[in-house]
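Colleague: I have a protein model open and want to learn how to read it. Could you take me through a few features, one at a time?

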Amino acid sequence: KPFWRKLLILFSGIGMNIAVAIVLFSFAFGIGFETPRAATEPGAMISDSSIVISQVLADSPAAQAGIQPGDVLERYGDSSAARIEDVQAFLSKDPASEVEVQLRRLSGESYTIRVTPQEIQRDDQTFIGIGVGMEEVVEARYPWYQSFWLGSRLTVVMIGQIFVSLGDLLKTIFTTGTVTQDLAGPVGIAVMTKRVAELGFVYLIQFAALLSVNLAIFNFLPIPALDGGRMAFAVIEKIQGKPVSQRIEAAIHSAGFMMLLLLILLVTWKDIAQLSS
């Protein structure tokens with residue numbers, strides 16, 4: 001086959017993974033999901049605003065009381081949590097008094113605690129509070145035409161980020177001989193899928209899109225036995241003007257396949273060890 005047709009055929013699977021990611025991300029933007037208000041785009045249809053704990057300072061009253069990042073602030077004192085400014089003003093009004101705070105976990109379980117605000121040193125500044133960072137999170141969805149643009153843009157951003165992560169991963173493997181904790185195999189992906197599914201359908205859609213982008217990038221790498229490796233051989237054939245020996249090419253692809261199996265075994269062993277610990 002002509003050179004351009006070989007590349008087109010070999011790229012088709014990678015292109016389909018990218019197309020699936022765009023469709024899934026676009027679908028997620030269209031049905032709506034929770035996001036910080038500051039991260040919403042013009043044209044977003046916003047609903048269901050809430051205040052979410054984004055950070056808990058170590059050894060702060062909040063940390064000692066058991067507040068965790070991701071908890072939703074429902075009430076403070078006798079007031080419902082509506083604006084971050086109101087909560088901060090309330091905590092600073094009478095720092096010596098104990099306050100009652102009602103929160104909700106990601107699992108949906110509500111709990112109430114009593115804490116006393118304190119002076120907290122942070123970045124050479126003194127704050128009066130319970131030691132949490134807060135951000136307003138809203139339910140945002142977009143019209144279909146904007147959803148497609150946002151889904152396409154997010155896919156491109158994810159491709160760039162994954163390339164950077166893969167570079168760091170390969171550097172770690174070749175310099176230290178160890179596998180980073182950020183790398184997951186089939187077992188780790190199954191565990192993460194279960195956790196994401198518990199958050200809701202839209203998060204599962206986004207996770208599936210992320211996996212599809214990962215598959216596209218991994219297949220594009222010039223590793224023997226993958227589409228990227230076969231593309232590399234097609235380029236070599238084009239440069240030298242004659243086909244590469246089929247025996248040599250088959251041997252290289254077989255060796256690459258064995259290396260991939262070894263990597264899968266190594267990562268799976270790591271995933272199982274983490275589950276057991």
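Modeller: Start with one residue. Arginine 104 lies in strand S5, which spans residues 99–104. Keep in mind that this model is predicted.

Colleague: Is arginine 104 buried, exposed or partly exposed?

Modeller: Look at the relative accessible area. Buried means under 20%, and exposed means over 50%. Arginine 104 has 28%, so this residue is partly exposed.

Colleague: Which residues does arginine 104 touch?

Modeller: Skip the residues up to four places away in sequence. That leaves Gly70, Asp71, Val72, Glu74, Glu109 and Ser110.

Colleague: How far apart are arginine 104 and glutamate 74, in sequence and in space?

Modeller: They are 30 residues apart along the chain. In space, their C-alpha atoms are 6.9 Å apart. Their side chains are joined by a polar contact of 2.7 Å.

Colleague: Now the whole chain. How many helices and strands does the protein chain have?

Modeller: There are eight helices and nine strands. The chain has 277 residues, and 35% of them are buried. Now take contacts between residues at least 6 apart in sequence. Of these, 69% join residues at least 24 apart.

Colleague: How do I read a pair of packed helices?

Modeller: Check the angle and the distance between axes. Helix H1 covers residues 3–31, and helix H7 covers residues 227–240. They pack at about 170°, with axes 10 Å apart. Angles over 145 degrees count as roughly antiparallel. H1 is therefore roughly antiparallel to H7.

Colleague: Which residues make the contact between H1 and H7?

Modeller: H1 uses Phe3, Lys6, Leu7, Leu10, Phe11 and Ile14. H7 uses Asp227, Arg230, Met231, Ala234, Val235, Glu237 and Lys238. Sort the contact residues by type: eight are nonpolar, five are charged and none is polar.

Colleague: Next, the cores. How many residues does the largest nonpolar core have?

Modeller: This core has 21 residues. Leu166, Val213 and Ile217 have the most contacts inside it. At least two residues each come from H1, strand S9 (132–141), helix H4 (144–176) and helix H6 (201–220). H4 gives the largest share, six residues.

Colleague: What does valine 213 touch?

Modeller: Again, leave out residues up to four places away in sequence. Valine 213 then touches Ala21, Phe25, Thr155, Met158, Ile159 and Ile162.

Colleague: How many residues are in the second, separate core?

Modeller: The second core has 18 residues, including Val101, Tyr111, Ile130 and Val132.

Terms used. Residues are numbered from 1 along each chain as its sequence is written. This is a predicted model: local features need pLDDT of at least 70, side-chain atom pairs count only at pLDDT 80 or more; totals for chains, interfaces and linings use all residues. Side-chain values use heavy atoms; hydrogens and water are left out. Axes are lines fitted to C-alpha atoms, for helices over the stretch in contact, and angles run from 0 to 180 degrees between N-to-C directions. Helices (H or I, at least four residues) and strands (E, at least two) are DSSP runs, numbered from the N terminus. Angles under 35 degrees count as roughly parallel, over 145 as roughly antiparallel, 65 to 115 as roughly perpendicular and the rest as oblique. Contact means heavy atoms within 4.5 Å. Ala, Val, Leu, Ile, Met, Phe, Trp, Tyr, Cys and Pro count as nonpolar, Asp, Glu, Lys and Arg as charged, and the others, Gly among them, as polar. A nonpolar core is a set of buried Ala, Val, Leu, Ile, Met, Phe, Trp, Tyr and Cys residues joined through side-chain atoms within 4.5 Å. Buried means under 20% relative accessible area, exposed over 50%, partly exposed in between (1.4 Å probe, protein chains only). A polar contact is a pair of N or O atoms within 3.5 Å; within protein, one must be able to donate a hydrogen and the other to accept it, and residues adjacent in sequence count only if both atoms are side-chain atoms.
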